[in-house]
Amino acid sequence: MVSCPGRITNFEFPPEEIAEAARNGRLLSIEIEFSLFCNYRCPYCYVPDKSVLDSEMSEAEIRDVILQAKDLGAKKIIILGGEPTVYPRILEMIRFIKAQGLQVEMFTNGSKITADFARRLYQDRVRVVLKMNSFDENIQDVLTGKKGSFQAIRKAFDNLRQAGYPSEDAFLAVSTIICRQNIEELPKMWQWLRDQGVAPYFEVITPQGNAKINEWLSVDPARLRTLFAEISDIDRKRYNQTWDPQPPLMGNKCLRHQFSCLVTSRGFVMPCVGVTLPVGNVREQKLRDIIADSEVIQDLRNFRNTIKGPCHTCEKADHCYGCRGSAYQLTGNYLASDPLCWKNIDRQQEIVRLPYPVKGLIPQKSPMRLLDTLLTVGERTAEVQVTVSRDMPYVGADGVLDEAAYMEMMAQAMAALNGFRQMDVTGYTLEGFLLGAKKLEILGVARVGDVLKIVVHKYARYGDFGIIKGTVSRREEVLARGEIKIWGVTGESREEVAMAGNQ
């Protein structure tokens, strides 16, 4: 742990290193799934569907990703799952990572940590994070979906202790989800772990995967506030550890989007396990290019300017952005304020959720605004919806929408995505030009009353110049598709474009 004397700042890296990584598009760590296979069925697991095991990365692909992460500055590889210890070549992969001069941190349910396995982990100085949720045998078993898991985690803990954990160079932590079933015992668990020299890693459940269908686990934000304050007080009085209570991590800050990312077992790169929004795939692009080109990652690294709603104006906004996973899962918006933060209990109406009205996001005004609602946003991608009305431009006397509207809808859809991303960015104004179309195919006719979905993806960009692929559909029927060229003008480039237009 890196911290000032008596004050916890972050479990992982110093603030100056985090800032440098964010500024220069580098990494300090990556989280990686070797496989989604697991021998437990936790009711809060973020991976509800494990039917894709046959398309997982090979050992060679995993090794290559790790080397790419190292080239980007990563110092630590965090192994997630599934359950890493059931991965057939886990010890071999750990040795490979260590041979690169990198730290290894592994989250595990402990079920396979025998005495010999624990000794091997200690020899390689693997940072071990055990998933233990309760001192109560029944509760622990319920929270793993596996009878006997309580005894297994206890045995794993004993084996790790006998092997030499925890020590100055052999980090041991316990990962605990905060849920309705264990919340009363968490202060006691925290103190027990502190007394053992084990780092407590208590975390608010991200409402995704199994947790979305198991609402009996959830804890009210007001109760979370009380718990965080109680344990903060315990840490200050008993252990001389001072920290400001804030979700989602107790006694710590989640700033991982500044310096890390997740690589899934199928090669998809995501901001983290909670923001399940692929920004690329290492089977198709180099990790360096994915990180550099991702608008989603740029937005998260520039969080002080891009977060929307009450979190944007919070007094902690310079060093906190809540849980991006909770924000994304509950609002569909990776830049939304965290709905589970207790500071937002009475400000839910101010949180920017999707779907969101297009009005105000694009420069076009009525009647030239052809779109109604922004449905989803992704990596250079948006889905927008409109109901064709009689008074809409391009609608003829026969109620048929003119083909020229399709190209304009695609352009406005991309403008809506850009406007949404830049909402609340100080001094930002959006103007744009539709420069032309290419390979535009008209495959069907839209009429008054039809509900159309416009999907756009910016697949190439050169400064403010973008090439957009788009489709216009009615239910499952594609009415139009093609490419458009646009120029989105913001701040610095406005004067440049104006000068070019005068030549």
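Guide: Welcome! Rings of Phe, Tyr and Trp, the last by its six-membered ring, count as a pair if their centres lie within 6.5 Å. Please keep in mind that this is a predicted model.

Visitor: Thanks! By this rule, what does the count of aromatic pairs come to?

Guide: The rule asks for ring centres within 6.5 Å. Applied to this model, the count of aromatic pairs comes to 12.

Visitor: How are the rings of Tyr 122 and Tyr 165 arranged: stacked, tilted or edge-to-face?

Guide: Their centres are 5.7 Å apart, and the planes meet at 75°. Planes over 60 degrees apart count as edge-to-face. The pair of Tyr 122 and Tyr 165 is therefore edge-to-face.

Visitor: And how many residues apart are these two tyrosines?

Guide: Tyr 122 belongs to helix 4 (residues 115–123), while Tyr 165 sits in the loop between helix 6 (149–163) and strand 7 (172–178). The pair thus links distant parts of the chain, and the separation is 43 residues.

Visitor: Is Tyr 165 buried or exposed?

Guide: Buried means under 20% relative accessible area. Tyr 122, at 21%, counts as partly exposed. Tyr 165 has a relative accessibility of 1%, so this residue counts as buried.

Visitor: Which residue has the charged end of Arg 127 over its ring?

Guide: There are cases of a charge over a ring here, including Arg 63, which lies over the face of Phe 96 at 4.6 Å from the ring centre. For Arg 127, the charged end sits 3.9 Å from the centre of the ring of Phe 171.

Visitor: Let's turn to the cysteines. How many disulfides are there?

Guide: A disulfide needs two cysteine sulfur atoms within 2.5 Å. The sulfur of Cys 254 has its closest cysteine sulfur in Cys 323, 6.3 Å away, which is too far for a bond. Cys 254 is buried at 13% relative accessibility, and Cys 323 is buried at 7%. The count of disulfides comes to 0.

Visitor: Glu 203 is buried, so which side chain of opposite charge is nearest?

Guide: Glu 203 is placed in strand 8. Beyond four places in sequence, Glu 203 touches residues including Thr 176, Ile 178, Pro 248 and Leu 249. A salt bridge needs a nitrogen within 4 Å of a carboxyl oxygen, and Glu 203 has none: at 4.4 Å, the nearest side chain of opposite charge is Arg 256.

Visitor: What is the separation between the C-alpha atoms of Ile 30 and Lys 70?

Guide: Ile 30 lies in strand 3 (residues 29–33) and counts as buried at 0% relative accessibility. Among the residues in contact with Ile 30 are Val 65, Ala 69 and Ile 77. Ile 30 and Lys 70 are 40 residues apart along the chain, and their C-alpha atoms are separated by 9.4 Å.

Visitor: Last one: which residue with a positive phi follows helix 3?

Guide: Helix 3 (residues 90–99) has buried residues including Ile 90, Met 93 and Phe 96. Their cover includes helix 2 (59–71) and strand 4 (76–80). After helix 3 comes a residue with phi near 80°, and that is Gly 101.

How values were computed: Residues numbered from 1 in each chain as written. Predicted model: local features only at pLDDT ≥ 70, side-chain atom pairs only at ≥ 80, totals over all residues. Heavy atoms only, no water. Phe/Tyr/Trp six-rings, centres within 6.5 Å; stacked < 30°, edge-to-face > 60°. Helix = DSSP H or I, 4+ residues; strand = E, 2+ residues; numbered from the N terminus. Buried < 20%, exposed > 50% of the residue type's maximum accessible area, 1.4 Å probe, protein only. Lys NZ or Arg CZ within 6 Å of the ring centre and 35° of its normal. Contact = heavy atoms within 4.5 Å. Lys, Arg positive; Asp, Glu negative; His and termini not counted.
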